[in-house]
Amino acid sequence: MDDSPGEDPGNGRSWLKLAGAISAVVVIGVVTVLVWPAAGRLFRQSFTEQPETYTELYFVGTPEFRGGAVTAEVALVRHGPAHADYTVVAALETSSADRLAGVSRRVTLEPGQFTTLDFRLPVPPGHVVDAIAVNVAGGMENLRFRLPGNASSTGGRP
């Protein structure tokens with residue numbers, strides 16, 4: 001047997017040192033969570049399923065020709081933890097996919113808030129439109145509706 005001086009691995013002192021170190025880390029963590037609000041929020045978020053942030057954009061009803069213009073109603077819904085500002089743009093397109101001047105609307109939505117936006121886009125004289133395109137500026141939300149028939153500047157069908 002080796003009679004060298006030192007600690008006996010079976011006496012439990014190493015285990016006590018490890019338990020003391022772990023306890024100190026836990027106490028420091030709990031104090032940090034209680035004293036620092038941002039740490040508490042992060043701690044709660046780590047144990048709570050967080051909602052995915054996204055925006056819904058869709059047509060309410062069918063866009064149509066009416067009185068020399070194309071009318072459309074779209075809905076916008078915010079899903080996420082904070083409010084957001086949006087610019088929704090609607091424009092007419094010709095059969096060759098040329099986009100005509102559009103109309104934009106700004107809206108601010110709170111989480112879960114729903115709003116509808118009405119668009120009335122006059123058909124410019126001499127143009128025949130084929131579709132209406134609606135998108136959220138700077139976002140990935142895009143709609144395109146191919147209109148039944150075409151509309152001339154008088155709003156009629158050829």
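Predicted model: local features only at pLDDT ≥ 70, side-chain atom pairs only at ≥ 80, totals over all residues.

Mentor: Residues are numbered from 1 along each chain as its sequence is written, and side-chain values use heavy atoms, with hydrogens and water left out.

Trainee: What is the mean pLDDT of the protein?

Mentor: pLDDT is the predictor's confidence in each residue, from 0 to 100. Over residues 153-158 it stays under 50. Of the residues of the protein, 83% reach 70 or more, and the mean pLDDT is 82.

Trainee: In what order do the elements of the protein run from the N terminus?

Mentor: Helices (H or I, at least four residues) and strands (E, at least two) are DSSP runs, numbered from the N terminus. The protein has two helices and eight strands. From the N terminus on, the order is α-α-β-β-β-β-β-β-β-β.

Trainee: How many of the residues of S4 are buried?

Mentor: Buried means under 20% relative accessible area, exposed means over 50%, and partly exposed lies in between (1.4 Å probe, protein chains only). In the protein, 30% of the 158 residues count as buried. S7 is mostly covered, with eight of its eight residues buried. S4 is also mostly covered, and its buried residues number nine of eleven.

Trainee: Which residue in S7 stands opposite Glu-93?

Mentor: Two strands pair if DSSP finds at least two bridges between them. S4 and S7 run antiparallel and are joined by seven bridges; S4 and S5 likewise pair in the antiparallel sense over seven bridges. On the S5 side, Asp-85 faces Thr-108. On the S7 side, Ala-91 is opposite Ala-133, and the residue opposite Glu-93 is Ala-131.

Trainee: Leaving aside neighbours within four places in sequence, with which residues is Leu-92 in contact?

Mentor: Contact means heavy atoms within 4.5 Å. With those neighbours set aside, the partners of Leu-92 are Val-70, Asp-98, Arg-99, Leu-100, Leu-121, Pro-122, Val-123, Val-129, Ala-131 and Ile-132.

Trainee: Why is the pair of Phe-59 and Phe-145 classed as it is?

Mentor: Rings of Phe, Tyr and Trp (its six-membered ring) pair if their centres lie within 6.5 Å; planes under 30 degrees apart count as stacked, over 60 as edge-to-face and the rest as tilted. By this rule there is one aromatic pair. The ring centres of Phe-59 and Phe-145 are 5.9 Å apart and their planes stand at 70°, so the pair is edge-to-face.

Trainee: Is Phe-145 buried or partly exposed?

Mentor: The pair links Phe-59 in strand S1 with Phe-145 in strand S8, 86 residues apart. Phe-59 has a relative accessible area of 18%, so Phe-59 is buried. The relative accessibility of Phe-145 is 24%, so Phe-145 counts as partly exposed.
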